[in-house]
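Me: I would like to learn how to read a protein model. Can we take one feature at a time, with the general idea before the case?

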Amino acid sequence: MSYKLLVINPGSTSTKIGLFEGERELFQETIRHTNEELKGYNAIYDQFKFREDLILNVLKEKNFDIKKLNAVVGRGGMLKPVEGGTYIVNDIMIEDLKIGVQGPHASNLGGILARAIGDELNVPSYIVDPVVTDELEDVARLSGILEIQRKSKFHALNQKAVAKRYGKETGKGYENLNLIVVHMGGGISVGAHKKGKVVDVNNALDGDGPFSPERAGSVPVGDLIKMCFSGKYSQNEVYRKIVGKGGFVGYLNTNDARGIIDKMKKGDKKCEKVYKAFIYQITKEVGKMAAVLNGKVDQILLTGGIAYSNVLVPDLKSNIEWISDVTVYPGEDELLALAQGAIRVLSGEEKTKEYK
């Protein structure tokens with residue numbers, strides 16, 4: 001059976017939607033939201049009805065009969081930690097998405113919108129591999145400070161999607177492989193996938209692992225403490241140095257990896273230094289995850305927008321191919337990944353999971 005699916009991916013200033021028949025995309029639309037439109041909403045949840053109306057209007061303009069939908073899929077938000085998979089959107093999840101149990105984020109609206117539209121049509125609503133997907137082994141959770149536990153917050157949707165894709169393409173199955181997946185976008189996440197579980201990964205959201213176009217990654221803790229108590233910066237200003245104004249932005253005042261590489265090729269030494277450090281830090285993180293897997297790595301997968309670079313990818317591959325062969329899946333097709341998650345449960349390939 002070829003399922004018809006509406007897929008919803010809310011961002012801070014946009015809502016991306018896609019209509020799928022099986023894995024075939026019928027259309028995709030990005031609905032932009034201006035600051036003027038959003039400024040009247042005090043909380044993210046307050047935007048729910050505004051965004052739902054826009055989605056339904058687009059479907060109407062496309063002359064699509066929404067009664068033909070078999071399911072609605074939303075991007076997972078900042079829920080309690082959960083293992084990877086496709087989850088039915090239940091009442092408990094809705095309440096946690098409303099309050100944002102791990103913080104406010106536009107993605108919290110994904111499950112809420114999916115549930116509202118799905119309920120109106122009497123079809124199921126799902127989320128898939130949310131950013132809080134947590135399959136860490138217990139030993140990976142200890143930070144060295146009793147009050148602080150390492151957390152799993154990363155590009156789970158894309159990492160899981162490309163890992164499962166590789167398992168399917170090779171005929172070996174994701175659950176039978178040891179993989180290192182490197183997502184390279186605005187943030188960088190490097191995950192150790194052991195027989196279908198992400199047993200260790202850097203917290204790509206707020207300060208762990210390699211620096212990235214917009215994030216500082218792991219930084220010297222002692223110096224960070226001194227900065228926090230120097231009296232020069234507020235808590236928010238320090239956090240912004242780690243998330244938003246770290247990495248490329250902090251060093252070069254841009255998050256454009258392609259532009260930095262172009263300047264480096266033209267002889268810009270500062271860009272070259274930052275670029276080489278970027279490659280160096282990703283290489284170290286891949287090495288760490290190889291150690292987590294005891295050196296038994298079946299494949300390294302490179303993905304995300306930066307994986308399109310025909311300069312960076314060969315440079316990184318030359319550093320890590322001694323560990324294992326490398327396969328590149330450039331880009332981040334989140335809408336398709338969400339659709340695939342729903343198809344797996346609707347077809348019986350996977351069991352639907354229950355959020356508790």
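Reply: This is a predicted model. We can start with its largest cavity, which is lined by G187, I188, N203, A204, G207, D208, P210, S212, R215 and G217.

Me: What is the general idea behind looking for such a space?

Reply: Rolling a probe the size of a water molecule over the atoms shows where empty space is left. In this structure, the volume of the largest cavity is about 40 Å³.

Me: How do the residues of the lining of the largest cavity divide by class?

Reply: Three are nonpolar, five are polar and two are charged.

Me: How many cavities of 30 Å³ or more does a search of the whole structure find?

Reply: The search finds two. The second largest cavity holds about 30 Å³ of space. Its lining consists of V128, D129, L157, K160, A161, A337, Q340 and R344. Two elements, α5 (156–170) and α12, each give two or more residues to that lining. By class, the lining of the second largest cavity has four nonpolar residues, one polar and three charged.

Me: What about pockets: how much space lies in the largest pocket?

Reply: The largest pocket contains about 1,200 Å³ of space. It is lined by 42 residues, and those closest to its centre are P10, G11, R75, H105 and R215. The elements that supply two or more lining residues are β1 (4–10), β2 (14–21) and α12 (334–346). R215 also belongs to the lining of the largest cavity, and α12 also gives residues to the lining of the second largest cavity.

Me: How many residues of the lining of the largest pocket are nonpolar, polar and charged?

Reply: The lining divides into 14 nonpolar, 17 polar and 11 charged residues.

Me: Now the backbone. What should I know about phi?

Reply: Most residues other than glycine have a negative phi, and most peptide bonds are trans. Here, N122 is not a glycine, yet its phi is positive, at about 60 degrees. K195, again a residue other than glycine, has a positive phi near 50 degrees.

Me: Where are N122 and K195 placed?

Reply: N122 is in the loop between α4 (108–121) and β6 (125–128). K195 is in the loop between β8 (188–194) and β9 (197–201).

Me: How do I read their accessibility?

Reply: Under 20% relative accessible area a residue is called buried, over 50% exposed, and in between partly exposed. N122 is exposed because its relative accessible area is 72%. K195 has 44%, so it is partly exposed.

Me: Is E135 buried or exposed?

Reply: E135 counts as buried because its relative accessibility is 10%. It lies in the loop between β6 and α5. As an exercise in distance, compare E135 with G247: they are 112 residues apart in sequence, and their C-alpha atoms are 27 Å apart in space.

Me: Which residues make the nonpolar surface patch of about 360 Å²?

Reply: V221, I225 and F229 make that patch. F229 is in the loop between α6 (221–228) and α7 (235–242). With 72% relative accessibility, F229 counts as exposed.

Me: Last, what is the idea behind a salt bridge?

Reply: Side chains of opposite charge can pair when their charged atoms come close. This structure holds 25 salt bridges. One of them joins the side chains of E29 and K62, at 3.6 Å from N to O. That pair links distant parts of the chain, 33 residues apart: E29 is in strand β3 (residues 24–32), and K62 is in the loop between α2 (48–61) and β4 (71–75). E29 is partly exposed at 28% relative accessibility, and K62 is partly exposed at 41%.

Me: How are K276 and E272 placed in helix α10?

Reply: They are four residues apart in helix α10 (residues 269–292), so about one helical turn separates them. K276 and E272 form a salt bridge, their closest N and O atoms being 3.1 Å apart.

How values were computed:
Residues numbered from 1 in each chain as written. Predicted model: local features only at pLDDT ≥ 70, side-chain atom pairs only at ≥ 80, totals over all residues. Heavy atoms only, no water. Patch = residues over 30% accessible without salt bridge, like charges linked within 9 Å, V, L, I, M, F, W, Y side chains within 5 Å. Areas by Shrake-Rupley, 256 points an atom, 1.4 Å probe, with all protein chains shown as cover. Salt bridge = Lys/Arg side-chain N within 4 Å of Asp/Glu carboxyl O. Buried < 20%, exposed > 50% of the residue type's maximum accessible area, 1.4 Å probe, protein only. 1 Å grid on protein atoms, 1.4 Å probe; cavity = no way out; pocket = protein on both sides within 12 Å on 5 of 7 lines; lining within 4 Å. Points joined across faces, edges and corners; volume = space filled by probe spheres on them. Nonpolar A, V, L, I, M, F, W, Y, C, P; charged D, E, K, R; others polar.
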